[in-house]
Amino acid sequence: MDVILSNSSDRPIYEQISSQVRAQILSGTLAAGERLPSIRALADGLGVSAITTKRAYSDLEAEGLISTVPGKGTFVSKTSNELLRERRMRRVEELLGQAAAEAAGLALSRAELHEMLDLVIPSDIE
């Protein structure tokens, strides 16, 4: 797990940590079931307070992206794959909405829009 902190950022350190870990989980870099560094180990590695890393982990746990098993450690939640799919689906919906708005601005018909969509969809997607 790679986390790089920026002293020049206006974002609090715990947010920098949680956003980078979140991004790694949602991108698949950190897989479901993968063990994360302990709060203390991460704090020592980053040179920050354990309270700061605890806050980051608490935020990620509240989102359902990680879970802590007492005596065993902190792990990427198995449900993170479902969350990843949902977030990516929302992103596709956003992009399709933008494309539809552009098409409306050009007065394209639904058939023309479907034809364009068929041209850009990879052939292995059915």
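How many salt bridges does the count come to in this structure? The count comes to four, where a salt bridge is a side-chain nitrogen of Lys or Arg within 4 Å of a carboxyl oxygen of Asp or Glu. Keep in mind as you look around that this is a predicted model, in which local features need pLDDT of at least 70 and side-chain atom pairs count only at pLDDT 80 or more, while totals for chains, interfaces and linings use all residues. Residues are numbered from 1 along each chain as its sequence is written, and side-chain values use heavy atoms, with hydrogens and water left out.

**The whole chain**

- The protein chain has five helices and three strands; these are DSSP runs numbered from the N terminus, with helices (H or I) of at least four residues and strands (E) of at least two.
- The C-alpha trace spans about 60 × 35 × 20 Å along its principal axes.
- Of the 126 residues, 23% count as buried; buried means under 20% relative accessible area, exposed over 50%, and partly exposed in between (1.4 Å probe, protein chains only).
- The protein chain has an accessible surface of about 8,700 Å², and carbon and sulfur atoms hold 54% of that surface. These areas come from the Shrake-Rupley method with a 1.4 Å probe.
- Among the contacts with a separation of 6 or more, 48% join residues 24 or more positions apart; a contact means heavy atoms within 4.5 Å.

**The sheet**

- Strands of a sheet pair through backbone hydrogen bonds, either parallel or antiparallel.
- Here, three strands make an open sheet in the order β1-β3-β2, with antiparallel pairing. Strands β1 (35-36) and β2 stand at the edges with a single partner strand each, so one side of each has no neighbour in the sheet.
- Strands β1 and β3 pair over two bridges in the antiparallel sense; two strands count as paired if DSSP finds at least two bridges between them. Leu-36 has Thr-74 in β3 as its bridge partner.
- Helix α3 (residues 50-62) packs on this sheet and touches β1, β2 and β3. The direction of α3 makes about 110 degrees with that of β2, where axes are lines fitted to C-alpha atoms (for helices over the stretch in contact) and angles run from 0 to 180 degrees between N-to-C directions.
- Strand β2 (residues 66-69) pairs with strand β3 (residues 73-76) over four bridges, also in the antiparallel sense. In this pair, Ile-66 has Val-76 in β3 as its bridge partner.
- The strands β2 and β3 form a hairpin with three residues between them. In the turn, Gly-71 has a positive phi of about 80 degrees.

**Salt bridges to look for**

- Glu-63 and Arg-22 meet through their side chains in a salt bridge, at 2.6 Å from N to O. Glu-63 lies in the loop between α3 and β2 and Arg-22 in helix α1 (residues 13-27), so this pair ties together parts that are 41 residues apart in sequence.
- Glu-63 is partly exposed at 29% relative accessibility, while Arg-22 is buried at 19%.
- Arg-55 forms a salt bridge with Asp-59, with the closest N and O atoms 3.7 Å apart. Both residues lie in helix α3, four residues apart, which is about one turn of the helix.
- Arg-55 is partly exposed, with a relative accessible area of 41%, and Asp-59 is partly exposed at 24%.
- In helix α4, Arg-91 and Glu-94 lie three residues apart, about one turn of the helix, and their side chains meet in a salt bridge (3.4 Å, N to O).

- Ala-107 has a positive phi of about 60 degrees, although it is not a glycine. Ala-107 sits in the loop between α4 (80-105) and α5 (110-120), and counts as exposed at 65% relative accessibility.
- Glu-82 lies in helix α4 and counts as exposed at 56% relative accessibility. The C-alpha atoms of Glu-82 and Ile-4 are separated by 27 Å, and the two residues are 78 residues apart along the chain.
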